[in-house]
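Keep the model in view while reading.

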Amino acid sequence: MDDRQLLFELWTPPSARYAPWAKPVLFAQMATGAAPPDSQVSDLPVQPWADFLEGRTAVVLDLPGESSVSHALALVAHGLQPVPLFNGCAGPGACIDVESIMMGLRRGAAHLRHSVPADAPPAFMLDSNRTAGKPPPGSFDNRWVVFPQDFPSGRFLLAHGLARVLVVHQQACKPADDLKQVLAAWKKSGIEIFGVEEARKSPAPLPVTKPWPLRPFAALALLALGLRSNSAGGFGAKVPLPPEGGRSGGLA
Amino acid sequence: MSPDEVFAFFIALAVGAFAWVHWLRRSLAVSDFLSSRASRTPLVLAPVLSAAALLVVLLFFASHDVRDSVPYLAFYVVLGAAWVGLGVGLLSLFGLRPPIDVAQRRNPAAGIAGLGAVLGLTLAFAGANIGDGPGWWVVLYSSALSTLAVFLIWMLADAVAGTTDMVTIDRDFGAGIRLACFLIAVGAIQGRAVAGNWVSAGATAADWLDIGWPALGLCVFEMVVGRMHAGMARRESPPAVLVGVLPGLLYLAGAAAYSVSLGWWS
């Protein structure tokens with residue numbers, strides 16, 4: 001088996017209930033020979049809110065890239081299945097740092113050799129910086145967004161005993177518009193949505209109002225945001241340089 | 001071919017090539033790591049089956065000056081590729097993006113539904129090519145009526161049944177089969193509604209309303225089946241045969257029976 005496939009399947013085994021939603025974009029971009037190192041990750045974050053999970057809660061880790069990875073690893077001890085949803089490609093001069101996420105995924109794979117049950121609740125991993133900034137011309141624009149189609153439906157979660165979702169943020173719990181779409185759809189299905197800052201102990205109900213309807217106009221919205229699809233999958237392409245203006249001729 | 005036909009041919013060629021190259025590139029250029037090649041078969045089949053279905057209709061039911069002329073056959077196939085290609089561009093308004101859903105999200109239900117949408121739009125266009133008419137513009141006029149009806153009826157059914165969400169978000173294969181059959185059946189009825197010899201724009205619109213309205217019956221049926229399916233899915237995933245194949249075959253049989261009952265067009 002390809003080393004990258006091995007890594008991907010360590011993160012999300014094909015038998016896992018939520019494996020169909022995992023995004024292999026970053027794994028596909030890893031160099032071959034990217035076998036998981038033997039060393040385990042030793043500095044996993046403290047999760048004071050972990051008692052809240054109680055086995056019937058799905059988690060959305062909306063944290064800066066590598067932090068999302070380390071929190072997902074820590075949640076394995078609580079019986080959750082990490083589901084990487086990173087969808088931005090790596091590239092030269094990339095505006096979103098995905099190299100550190102790829103490194104974290106590689107290092108963390110060794111931690112995942114002790115697998116969780118196939119029906120374990122999911123911990124969806126996002127990069128909260130996914131839409132940060134506006135890339136200048138000539139840079140590699142790998143900003144990305146999520147759609148409701150990237151997550152299981154509320155009906156699916158409820159049918160499998162998950163009645164609430166906990167969104168973990170670094171600071172103030174203010175989900176971006178793309179994630180709001182997902183949370184609003186879940187809430188409409190009857191799922192309770194909670195939010196917590198990563199260092200806080202007590203989650204609180206997260207008010208979710210549906211933003212501008214992104215999903216039905218997905219293609220138009222992508223154009224409006226200026227996001228760039230990558231032909232090999234996911235998001236990421238070079239921002240074209242503006243054409244140079246004409247110069248008047250003349251001898252030097 | 002007249003100058004306006006040559007002009008229309010090259011415009012259609014450019015639009016059709018752009019739409020379908022984009023579709024195929026999105027479907028095939030994606031890394032094999034993201035999804036298997038076999039799972040993308042419906043995406044590759046869609047443009048091939050669409051062109052084949054249109055060619056068959058043209059060869060058997062188009063005006064004799066089209067049937068007997070290779071350039072005209074090519075012209076109307078290219079016009080159809082452009083028309084259906086433009087229609088495919090509107091699928092994302094329903095949340096359905098087959099190349100992304102299948103190749104990147106590994107959702108086979110969306111592949112089947114996407115194939116059904118392409119064939120439904122093809123039949124809506126193909127019907128407009130049936131019978132004698134003064135030129136290509138009447139084909140576009142009739143196609144606009146039938147295609148608009150397909151989208152409106154789909155929108156109406158979706159507003160109540162939410163079938164497209166069951167395909168793209170729930171990844172329900174039964175819903176994918178049923179939606180595919182629904183769109184093919186509605187496309188067939190709408191195509192039949194605009195078939196016939198050209199008299200006038202008003203007469204075509206009157207015929208379209210008169211013959212095409214029973215597609216609303218399918219729409220109501222789909223609303224009921226879709227709501228029942230959603231209710232069942234809250235408890236457990238119902239078998240695809242029950243919620244997909246059986247109602248899908250009913251839609252197709254209903255559209256076929258209705259078209260046969262109408263007899264030949266006038």
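**A helix pair in chain B**

Helices α7(B) and α9(B) cross in a right-handed way, meaning that the near helix is turned clockwise from the far one by less than a right angle. The model is predicted: local features need pLDDT of at least 70, side-chain atom pairs count only at pLDDT 80 or more, and totals for chains, interfaces and linings use all residues. Residues are numbered from 1 along each chain as its sequence is written, chains are lettered from A and ligands numbered from 1 in the order in which they are written, and side-chain values use heavy atoms, without hydrogens and water.

**The crossing**
- The axes (lines fitted to C-alpha atoms over the stretch in contact, with angles from 0 to 180 degrees between N-to-C directions) of α7(B), residues 136-161, and α9(B), residues 173-193, come within 9 Å and cross at roughly 145°.
- Residues in contact (heavy atoms within 4.5 Å) include B:S146 and B:A149 of α7(B) and B:L179 and B:Q190 of α9(B).

**One residue, B:Q190**
- B:Q190 lies in helix α9 of chain B, where helices are DSSP runs (H or I, at least four residues) and strands likewise (E, at least two), numbered from the N terminus.
- B:Q190 counts as buried because its relative accessibility is 2%, and buried means under 20% relative accessible area (1.4 Å probe, protein chains only).
- Residues touched by B:Q190 include B:I153, B:W208 and B:G212.

**The whole chain**
- Chain B has twelve helices and zero strands.
- Buried residues make up 55% of the 266 residues in chain B.
- The C-alpha trace of chain B spans about 60 × 40 × 25 Å along its principal axes.

Note on methods: Buried means under 20% relative accessible area, exposed over 50%, partly exposed in between (1.4 Å probe, protein chains only). Lists of a residue's contacts leave out its neighbours within four places in sequence.
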